[in-house]
Amino acid sequence: MMDAGRHPRIELLVNSEVEDVTGFVGNYRATVRRRASYVDASECTSCGDCADVCPVVVPDEYQQGLSSRRAIHLPFPQAVPSSYYLDAASCLGFNPIACGKCLEVCDKKCIDFDVTDELLDLEVGTIVVATGMEPYDPRPYDEYGYARFDDVVTSMEFERLICAGGPSAGELVRPSDGKVPQRVGFIQCVGSRSTTRGVPYCSNICCMNTVKQTLQIAEHYPAARQTVFYIDIRAFGKGFEDLYRRSREEGVDYVRGLPGSVVRDPETGELVVQVENTLAGRREEHRLDMLVLSVGLVPRKLEGATNGRRHIDEILSLSHTSDGFVMESHPKLKPVDAPTRGVYFAGCVEAPKDVKDSVTQAGAAAVRAANVLGAGQVRIEAITALLVPDLCARCKICADVCPFNAIVQADKKAGLDPEFIEAACAGCGTCAAECPFDAIVMRHFEDAQIEAQIDAILATDPLEKIVAFACNWCSYAGGDNAGTSRLQYPPAIRLIRTMCSGRVDQRFIWHAFERGAPLVLVSGCHFADCHYIDAVTWTQRRVEKVWTKMEKLGIRPERLQLEWISAAEGQKFARVMRELDAMLRGVSAEEVAETVRILEKQKLSRPKGVAAKPEPALAAAAPA
Amino acid sequence: MSDESPRIGVFVCECGHNIAGTVDTAEVARFAAGLPDVVAVVENRYTCADPGQQEIQKAIAEHKLNRVVIASCTPKIHEPTFRHCVAEAGLNPYLMEMANVREHCSWVHMKDRAAATAKAKDLVASAVGRAARLVAQDEKTFPVTDAALVIGGGVAGIQAALELADGGHQVYLIERGPSIGGIMSALDKTFPTMDCSI
């Protein structure tokens with residue numbers, strides 16, 4: 001911690017949050033809000049005079065609310081930066097000014113109520129996301145009595161109680177009467193491995209954390225009796241089994257079984273725990289002085305962002321696996337990469353892990369990030385939009401729909417074509433799909449290439465096939481996820497990959513129906529996951545337009561389906577495939593033939609025989 | 001190269017039993033040979049392995065291939081591999097197309113060999129149709145800003161920031177709270193060393 005605080009190449013920005021990130025790998029621009037801190041950290045000597053006179057007393061969050069602090073306070077003794085901090089929410093110095101005692105006593109005059117938030121604009125090449133997790137709030141486990149009994153504490157609260165820097169100066173005392181407990185119990189898997197409350201996964205660290213805590217008690221209070229209630233002890237890491245054995249050798253009683261109820265004996269104040277000991281095959285009653293709930297780790301809530309600001313996962317378009325943690329680019333081969341290039345994960349934001357694993361992963365993330373930075377330059381896929389000036393009517397649609405402001409509007413009066421800024425283009429293809437004049441070529445995902453796929457798929461037995469468009473990042477990857485999970489589904493689906501569902505031109509849909517497709521699926525990311533900011537909203541609008549048109553033409557709109565499937569939703573992908581297969585059976589040959597007849601009279605798809613041509617000349621002309 | 005008529009090579013990967021266990025890859029290869037513009041078809045046990053890649057490069061030279069279709073796994077794993085492979089043989093990497101007959105076919109239709117094989121053929125036909133219309137592309141390079149943003153000042157963020165900074169890169173370490181340290185700083189001791197967390 002101290003090293004990070006004084007490293008010449010680390011600019012430490014505390015009280016700060018990222019509000020926006022734009023750009024691409026190697027060239028990100030982050031907007032960071034540094035909240036007004038009111039205490040000049042470079043001047044503060046941590047003398048503490050300010051806190052001595054501060055009249056506001058509130059629970060100390062660092063001490064898990066087990067003791068109190070003042071509005072102006074040192075976050076904790078070893079805080080970095082080592083500066084007092086003014087908690088504006090509880091201070092009386094604002095709105096209206098009722099107090100200013102700290103200002104008066106501060107010799108260094110480093111407190112100033114008039115400073116304001118600062119917005120910083122940072123240019124960076126890579127981003128490491130290390131936003132961590134949260135301990136589980138055990139209140140839904142009402143039978144353990146956390147909210148009712150003072151002497152039922154969480155494992156985090158226990159840490160403060162046993163710590164020399166804690167509210168009791170390291171003396172383990174029970175909160176109800178300040179006495180040292182002689183009989184301590186631990187309940188494992190609180191919030192973990194449950195399909196009804198908390199989370200279904202194992203939180204990874206709680207078994208060893210409890211083993212550690214039993215050893216701490218055994219060291220300080222050798223006479224104390226300890227009981228651990230568990231499902232099974234997972235001591236799988238290096239050195240872990242040794243610690244577990246030591247704990248047992250210290251006399252800690254490990255009881256296999258989770259308690260059914262905890263009540264407080266009103267006469268003695270003891271906590272009475274009822275448990276079925278599944279190894280001994282009997283019901284047991286344990287009388288304890290203190291009970292520690294070994295709580296699991298859960299992902300930070302999306303609504304955890306303050307003041308209604310966007311959560312960092314939304315800002316960076318990070319997807320989540322079904323457990324709620326961020327999803328890696330590949331679970332084995334790219335475990336610290338986000339799907340977005342240049343963004344990496346470290347620590348518990350990716351999954352629950354202990355300190356050693358967090359440090360290990362942070363090293364991996366740093367190397368991945370440093371590789372990009374060290375290379376000095378980055379190569380970007382040639383999947384960008386190009387203008388065909390001859391076809392452009394200089395309307396403003398492309399510039400309006402571009403999520404990245406990569407297109408400078410045309411100016412009809414001045415005779416100026418729209419300008420395409422390649423470095424800013426992320427390649428979603430929304431402009432190409434929306435352009436009414438066919439004047440935009442989406443490189444590597446050109447009309448001709450996609451229509452050729454539709455033709456090939458429907459060349460034989462079209463009645464048995466579903467043409468599906470899937471975006472690269474989410475729904476195509478969701479299909480991959482179904483595959484790696486070996487989820488079986490009916491074989492009718494034929495996927496066509498585009499980078500974004502925003503690329504799916506109306507014309508592709510009409511093309512498929514005109515070539516005899518019974519069902520068409522357009523699938524993309526959930527709105528919050530869209531890798532092209534809001535391109536997916538154009539997908540939705542476009543599909544709605546096609547539905548309306550289908551209705552007018554007498555084609556059942558149900559034959560065009562729209563689904564949002566994330567990369568982690570293999571289960572959903574397989575379910576959608578089953579549902580579509582059922583729908584497919586409801587589309588008759590006559591209905592398809594009628595659709596083909598209707599559409600052949602329209603000019604919604606490209607006429608047969610006039611296939612769109614790839615644009616080699618344009619590609620060659622593209623500035624290198 | 002784009003101006004020439006397409007000469008497509010199709011490489012059908014068995015991926016051991018992963019694909020060949022469900023899909024009749026020999027049948028897919030026979031089918032691919034009959035597709036328009038296809039001038040060479042090769043079946044491989046493991047196309048991504050060195051011998052598999054050498055087959056691709058050999059075929060590009062022998063048959064003067066100007067397009068390559070690889071029927072194997074998801075492009076999310078091996079698209080970079082095969083782009084690199086064809087580039088080594090002198091082909092623009094954007095003239096390589098993959099048909100995902102593993103994640104999207106053999107692994108999800110394991111109980112229906114006939115249907116899986118029929119679907120694999122379609123996926124290959126689709127990729128061949130697309131490949132015939134692919135255009136060579138040049139990738140642009142952009143300079144990199146030599147600085148990293150580390151979001152979160154817990155143990156992982158601190159460690160990542162230190163590693164990057166020690167490596168000579170500028171780091172901005174962003175922390176929401178008034179001090180770095182995160183949850184770790186509230187722990188008394190950490191396992192397995194039982195030492196102080198700060």
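This is a predicted model: local features need pLDDT of at least 70, side-chain atom pairs count only at pLDDT 80 or more; totals for chains, interfaces and linings use all residues.
On the side of chain A that touches chain B, the element that gives the most is helix α8 of chain A (residues 355-375), which contributes 11 residues. The residues of that side of chain A divide into 73 nonpolar, 29 polar and 23 charged.

Salt bridges also cross between the two chains, and the rule finds six of them at the interface of chain A and chain B. One of the pairs that meet in a salt bridge is Glu139(B) with Arg379(A), whose side chains come to 3.8 Å, taken from N to O.

## Extent of the contact

The contact draws 125 residues from chain A and 85 residues from chain B. The area buried between chain A and chain B is about 9,100 Å², and carbon and sulfur atoms give 63% of this area. Within the area that chain A buries against chain B, Met1(A), Arg9(A) and His444(A) supply 8%, which is more than any other three residues supply.

## Strand pairing between the chains

## The disulfide of chain A

A search of the whole structure finds one disulfide over all chains, and this disulfide is formed by Cys474(A) and Cys525(A), with their sulfur atoms 2.4 Å apart. The torsion about the S-S bond of Cys474(A) and Cys525(A) is about 95°, and the disulfide is therefore right-handed.

The pair links distant parts of the chain, its two cysteines being 51 residues apart. Cys474(A) lies in the loop between β26 (466-471) and α12 (475-484) of chain A, whereas Cys525(A) lies in the loop between β28 (519-524) and α14 (535-553) of chain A.

## Salt bridges over all chains

Over all chains, the count by this rule comes to 55 salt bridges. Among them is the pair of Asp121(A) and Arg29(A), in which the closest N and O atoms are 2.8 Å apart.

## Backbone features

Two cis peptide bonds to proline can be described, one in each chain. In chain A, the peptide bond that joins Val80(A) and Pro81(A) is cis, with omega about 0°, and Pro81(A) is placed in the loop between β6 (72-73) and β7 (85-86) of chain A. In chain B, the bond from Phe191(B) to Pro192(B) is cis, with omega near -5°, and Pro192(B) is found in the loop between β8 (189-190) and β9 (195-196) of chain B.

Arg486(A), a residue other than glycine, has a positive phi near 55°. Arg486(A) is located in the loop between α12 and β27 (493-498) of chain A.

Methods:
Residues are numbered from 1 along each chain as its sequence is written. Chains are lettered from A and ligands numbered from 1 in the order in which they are written. Side-chain values use heavy atoms; hydrogens and water are left out. Contact means heavy atoms within 4.5 Å. Buried area is the accessible area (1.4 Å probe) that two parts lose on being put together, summed over both. A salt bridge is a side-chain nitrogen of Lys or Arg within 4 Å of a carboxyl oxygen of Asp or Glu. Helices (H or I, at least four residues) and strands (E, at least two) are DSSP runs, numbered from the N terminus. Ala, Val, Leu, Ile, Met, Phe, Trp, Tyr, Cys and Pro count as nonpolar, Asp, Glu, Lys and Arg as charged, and the others, Gly among them, as polar. A disulfide is a pair of cysteine sulfur atoms within 2.5 Å.
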